[in-house]
Amino acid sequence: MTTQNFEVESIKRSLTSAMNNPPSSPPNNQKKEGLRVLFPTLIYEAWYQNYQAKKESLVSFNHKLRDEDTEGQRISAAQYPNGYTSYYSRTDLYKLPELAELVAFLYKCADNFAHQHHWDTQNFEPVINALFTNINSKFSGHAEHLHPYSHISGVFYVKSEVGSPAISFKDPRMGRWMMPPAADGNRAENTFHANILPDEGKLLMFPSWLEHGVPPNQLDSERISMSFNFEMQPKPKSES
Ligand SMILES: [Fe+2]
């Protein structure tokens, strides 16, 4: 059986088991009065330690990449107005030795993300399959999108300033859009778009199916971020 088939079979087994044997015990059957939280969308946030000491080298890395990536520049001119992204040309940046420390940080966070979601981390582990950069000059933004072919996605903020645009996550519960009651839409309990500011050195990690986007940058200064994807893959079997 191939690795991919093994994963598909394993997921099918666990889904069938979950559907046929819905849990009848805690954590969600405890007696409760008031609101109960179900089906939460979990956004993981973490900070790169002592980031300001690292910032200059990461900014230089991204500028050098852009300046040398003529294919990426050409595609960005057509697909990414006023900005540069290596999404179409270089998504394998995780292989570069100069980004090894950053990638180690991403792995640590992905492990936490999987563990805190109570995924099967005995048999599966997150493996990075894409890391690319985005430089948003003035009037450049990201249209709303999601990240196919992965389980965990995220973004790391290399450079931003007060006034740099926030990432905006869209409520994935489509049924809510049918007939929303009047409400204070700025609260986490009832907003349709949740915005998080792009502070330098901050990482956000989210399920890959969660739609998000960034409005155009209105500042003269660049907003630089690096995006990534992880896939949960079967752990290699140890030789015995
Ligand atoms: Fe994204």
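Predicted model: local features only at pLDDT ≥ 70, side-chain atom pairs only at ≥ 80, totals over all residues.
Let me begin with a pair of strands: S6, residues 167-170, and S7 are joined in the antiparallel sense over 4 bridges, where pairing requires that DSSP finds at least two bridges between the strands. Strands here are DSSP runs of E with at least two residues, and helices are DSSP runs of H or I with at least four residues, both numbered from the N terminus. Within this pair, the bridge partner of serine 168 is asparagine 195 in S7.

Residues are numbered from 1 along each chain as its sequence is written.

S6 and S7 belong to an open sheet of 4 strands, in the order S4-S9-S6-S7, with antiparallel pairing. Its edge strands are S4, residues 142-145, and S7, residues 193-196, each of which pairs on one side only.

The core has 32 residues, of which Ala110, Phe156, Met205 and Met226 touch the most other members. By definition, such a core is a set of buried Ala, Val, Leu, Ile, Met, Phe, Trp, Tyr and Cys residues joined through C-beta atoms within 7 Å, and a residue is buried if 20 or more other C-beta atoms lie within 10 Å of its own, exposed if 12 or fewer, and partly exposed in between, with C-beta atoms placed from the backbone. The largest share of this core, 6 residues, comes from H4. Leaving aside neighbours within four places in sequence, alanine 110 is in contact with Pro126, Ile152, Met205 and Phe230, contact being C-beta atoms, placed from the backbone, that lie within 7 Å.

Finally, two loop residues. Histidine 118, in the loop between H4 (100-116) and S3, has a positive phi of about 60° although it is not a glycine, and it counts as exposed because it has 8 C-beta neighbours inside 10 Å. Phenylalanine 39, in the loop between H1 (3-20) and S1 (44-47), has a positive phi near 50°, and it counts as exposed because it has 6 C-beta neighbours inside 10 Å.

Terms used. Contact = placed C-beta atoms within 7 Å.
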